[in-house]
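Subject: Handing over the structure

Hello,

Here is the structure I promised to pass on to you. Please open it first, and then read my notes alongside it.

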Amino acid sequence: MTPEKVASTPGSPARGPRSNGVPDSPLAAELTRTLGPKKVLSARSERLNYRYDAIQFGETPLAVVLPESTADVVTAVRAARAAGVPVVGRGAASGLSGGAAPLRESLVISFTRMTRLEVFPERREARAQSGVVTLSVTEKARPHGLIYPPDPASFRTSTIGGNLGENAGGPMCFKYGVTGDYVKGLEFVDEGGEVHELTRDAYDLAGLLIGSEGTLGLITEATLRLTPPPRYTRTLMASFPEVGEAAEAVSAAIAAGAVPSKLEFMDRACTNAVEDFLAIGLPREAGAVLLVDTDGDDLETVEEERALVEAACLRAGGTVRRAATDAESAALWQARRSVSPALGRIRPQRMNEDIVVPRSALPDVVREIRALGDASGLPLVQFGHIGDGNLHPNILFDPRRESPAAVHDLAHEIALVAIRHGGVLSGEHGIGTMKRPFMREAVDPVTLGALWSVKHALDPRELLNPGKILPDEHEDAPHAHP
Amino acid sequence: MNNEIPVQSLGPQGEVMAHAVDACVHCGFCLPACPTYAILGDEMDSPRGRIVLMKEVLEGELPLADAAPHLDRCLGCQACVSACPSGVPYGELITSFRGWSEPLRERSPFDRAKRAAILKILPAPRVFSVAARVGQYAKPLAPLLPAALRAPMDLLPEHVPAMQPNARVTPARGRKRGRVAFLAGCAQQALAPNFNAATLRVLARNGIEVVIPEGQGCCGAAALHTGARDEALRLVRQNLRAFDPDEYDAILSNAAGCGAGLKEYPVVVHGLEGEERARAFAAKVQDISEYLGKLLREGDLERPMPTSRPLTVAYHDACHLAHAQKIRLAPRELLRAIPGVTVAEVPEGDLCCGSAGTYNLEQPELANQLGVRKAGNILSTTPDLIASGNIGCHTQIQSHVRRQGSRVPVLHTVEVLDLAYRGEL
Ligand SMILES: Cc1cc2nc3c(=O)[nH]c(=O)nc-3n(C[C@H](O)[C@H](O)[C@H](O)COP(=O)(O)OP(=O)(O)OC[C@H]3O[C@@H](n4cnc5c(N)ncnc54)[C@H](O)[C@@H]3O)c2cc1C
Ligand code: SF4
Ligand code: SF4
């Protein structure tokens, strides 16, 4: 059916602004003319819902386009360019760095209706339009004995376009790599409305687009690499009295030669938040918990690797529990996937970091961050794909109770801990607007200049997702608040 | 999500709404669970989008009329509640919002008359039965009618059975093990009288005495979920008077929607007189499958007879059982307790069938798309029987399965059990 475009009922006594359902910007009117009313949202009630992602609310867009084909994207981009209006790409808006939230009045292009997906088992490839939900790639490939390994915790919701935009990772990334490792080629629409098909030969321009958060072009389709799933998987959970010990166990296990397929970490606040929600018997008193999968086609090796991890955990002071059944390991992994939203029960908002540090520095880093959190008095939790050195320290807050300035200061100090230990600001969630203020400390001025040159080469008018990733060229101090 | 909802001016229901809005972290985990998002693919018709719309209206930032079309498309299926790890009580939010906003809505006279008629006819079994018969005879005229009138007719079975009055007390057979009160239901009595007959037989066979308390009425869920809050409150009070929770081991319903409605009573009267009684009442309410499932687990359920040949039963999770009441296991266990039965899982099982109370009447096109999808998914399991625990799902599924050319019987879970007891499966 055609969704109704405007309210079916006349004005109501509710207070506040009123809209009359007529496209209220020339751009919306033009898009409605060229694309038809089904693909364009112009009423305020509709546009309001395209101003946020999972972490931030931005500016209400001038218009929203729901394209069904690459040609629709081209039309939309050209119209926006003619009107001088910035363009923001949007997948499922599960992003955690404000990437899909417009900072200025923009045209939002939401890919959720571009969901064509084909699997080519003989080539071990899938071709997906950008609105395809991540999990459905594996679902469609599985009957052919194949899977798509990148598995962000949001994989039931997030889209391939958004995954490419953020170069999303997931628990499997330690052994199997992140989204970018599975992209063989992609199609994108540039700022001028031209369509390009990129492979990874010659200059790896596809690699440049991956992780660019919609600031260099709009990805419309991607060719993804599929792999056969490992025959055997073994799961264990280890709990530690103190958070640094968990990190020590990780370093030791990897040094001993184990390459777990997943190696995740949750501190006490996380396990308790999840336990409040799922009640599956997580150890509430532990300072930190590790969740580990070892996998492969040879059962003996898989068990040996699990034993290596187990020994390292015990030596670091941990208690180990092996998942006896598939159901038990599924429950443990569901626990991990539920961390992020379960935290919402503690405070309505959070400042979410996504640092990556060298594995050798992990014990110091998690301890320093814990100490910063305790000293600040703000609820702070840590979790992440610790096998990769990827940590998600989250500051939970309620702006009515906690000062946003204090939150920002703590986030800044955490970012500095990462940088001091030779780490970076983003492992997988992107810089977006949330971590943009810290970029100057993380990236030297010459390199920032080079990044700006790339940006200008592809987007000379700065119309693609402006205000994201790169700090303004003329500003010098970090200042923005969450 | 932070809100600036003027809670004081909205009363106790305002608190409920503000709490729900605050609890949402807009992570989007609920999106893939939502049937309207699955079909329409836009944020306004997703749970997260609807929460934002309600927040904006309550804060006075958006006219109600602008948000209404998207909120009206919500089935109230609560699949989003099952999917939400932050525990956002979306069901309470939308119900409270509908109650709050209904008096502020400007509806056309036709719309008003239709809604009033639905709310009058549904809860009155006798009126419904007459209406259904009239509708049945008018069926050949259906193609000539406007869509709004055609939709309800499409759903009527070819044969509307005669009403069967139920005894006020059905004694236990054999050793008496319990005494329960039963909500006889309204529309269901007219459309599928055998649901109740089978329920009474199965309970009696298991030694349970069943009382159908006099003075009971419609559970009020239909009124509540369409925003007719005063009418809902009246019905809630009536039932709270009719059922004395202290007198029974349990208060049973065999319609998932009604059971969920009864369990909601404490929220309905939150902050009003009778909250205490409503809590005692709700604590006793159980779905028939929940109650029988407990007997089964305790080894107290009489064993059903084996089927005459192996049967595949496609079990359909009614939203108001699976999502609203979190009952998934018990009905499956009851079916599996019948020797010879294999329970088939339906693909996209969590997606609503589109029936959802009065949704079929108010959003016929979306309801139809969901019905087609559900019937296709069910038939893909090539079942010998289809079972579910809700009258709304029952009529919707039956009608769509027939339209797809299948004659597979569609039964209530308790009817399957009843047939097994009688050796007729
Ligand atoms: C609870 C939770 C858990 C999460 N867990 C993980 C995790 O384990 N690992 C991880 O990496 N991330 C995780 N995320 C973050 C988020 O899910 C990922 O960043 C995801 O890849 C975003 O996909 P999306 O479709 O929601 O994109 P959006 O949020 O809509 O967009 C993300 C960015 O990509 C851009 N974009 C979107 N589509 C396109 C396109 N077609 N072309 C160009 N640019 C585009 C947007 O402009 C934006 O900058 C999690 C998020 C939540 C809420
Ligand atoms: S899953 Fe829950 S918290 Fe997340 S957007 Fe939906 S309602 Fe909000
Ligand atoms: S109740 Fe059902 S239809 Fe309504 S928002 Fe939730 S999932 Fe969607």
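Below is what I found, site by site and element by element.

This is a predicted model, in which local features need pLDDT of at least 70, side-chain atom pairs count only at pLDDT 80 or more, and totals for chains, interfaces and linings use all residues. Residues are numbered from 1 along each chain as its sequence is written, chains are lettered from A and ligands numbered from 1 in the order in which they are written, and side-chain values use heavy atoms, with hydrogens and water left out.

**The ligands**

A polar side-chain atom of A:S154 is 2.5 Å from an oxygen atom of the ligand. The backbone takes part too: a backbone N or O atom of A:A93 lies 2.9 Å from an oxygen atom of ligand 1, and a polar backbone atom of A:A153 is 2.9 Å from an oxygen atom of ligand 1. (A polar contact is a pair of N or O atoms within 3.5 Å; within protein, one must be able to donate a hydrogen and the other to accept it, and residues adjacent in sequence count only if both atoms are side-chain atoms.) Taken alone, ligand 1 exposes 980 Å², and the protein buries 99% of that; these areas come from the Shrake-Rupley method with a 1.4 Å probe, and for residues only the protein chains shown count as cover.

Ligand 3 has chain B residues around it, among them B:C34, B:C74, B:C77, B:C80 and B:Y90. By class, its shell has 9 nonpolar, 2 polar and 1 charged residues. Here Ala, Val, Leu, Ile, Met, Phe, Trp, Tyr, Cys and Pro count as nonpolar, Asp, Glu, Lys and Arg as charged, and the others, Gly among them, as polar. Helices α4 (47-58) and α6 (79-83) of chain B each supply at least two residues of that shell. Helices (H or I, at least four residues) and strands (E, at least two) are DSSP runs, numbered from the N terminus.

**A covered strand and the helix after it**

In chain A, look at strand β11 (residues 262-267), where 6 of its 6 residues are buried. Buried means under 20% relative accessible area, exposed over 50%, and partly exposed in between (1.4 Å probe, protein chains only). In a regular strand the side chains alternate between the two faces of the sheet. Here both faces are covered: A:K262, A:E264 and A:M266 are buried on one side, and A:L263, A:F265 and A:D267 on the other.

β11(A) runs antiparallel to β12 (residues 288-296) of chain A, with 6 bridges joining them, and A:D267 stands opposite A:A288. Another 2 bridges join β11(A) to β17 (residues 383-384) of chain A, also antiparallel, where A:M266 faces A:F383. Strands count as paired if DSSP finds at least two bridges between them.

A:D267 also caps the N-terminal end of α9(A), with a side-chain oxygen 3.2 Å from the backbone nitrogen of A:A269. The buried residues of α9 (residues 268-278) of chain A include A:C270, A:V274 and A:L278. What the buried residues of α9(A) pack against includes β11, β12 and β17 of chain A. Just after α9(A), A:A279 takes a positive phi of about 50°.

**A buried histidine**

A:H392 lies in the loop between β18 (390-391) and β19 (394-397) of chain A. A:H392 has 1% relative accessibility and so counts as buried. A polar atom of its side chain is 3.2 Å from the backbone oxygen of A:E353, and a 3.5 Å polar contact joins the side chains of A:H392 and A:D354.

**Chain B**

Helix α5 (residues 64-72) of chain B has 8 of its 9 residues buried, so the rest of the structure largely encloses it. Its cover includes α2 (44-47) of chain A, together with α4 and α7 (90-101) of chain B; contact means heavy atoms within 4.5 Å.

Chain B also has an open sheet of 5 strands with mixed pairing, in the order β1-β3-β2-β4-β5. β1 (169-170) and β5 (285-287) of chain B stand at the edges with a single partner strand each, so one side of each has no neighbour in the sheet. β4 (residues 250-253) and β5 of chain B pair in the parallel sense over 3 bridges, with B:S253 opposite B:D287.

Enjoy exploring it!

Technical notes: A residue is near a molecule or strand if one of its heavy atoms lies within 4 Å of it.
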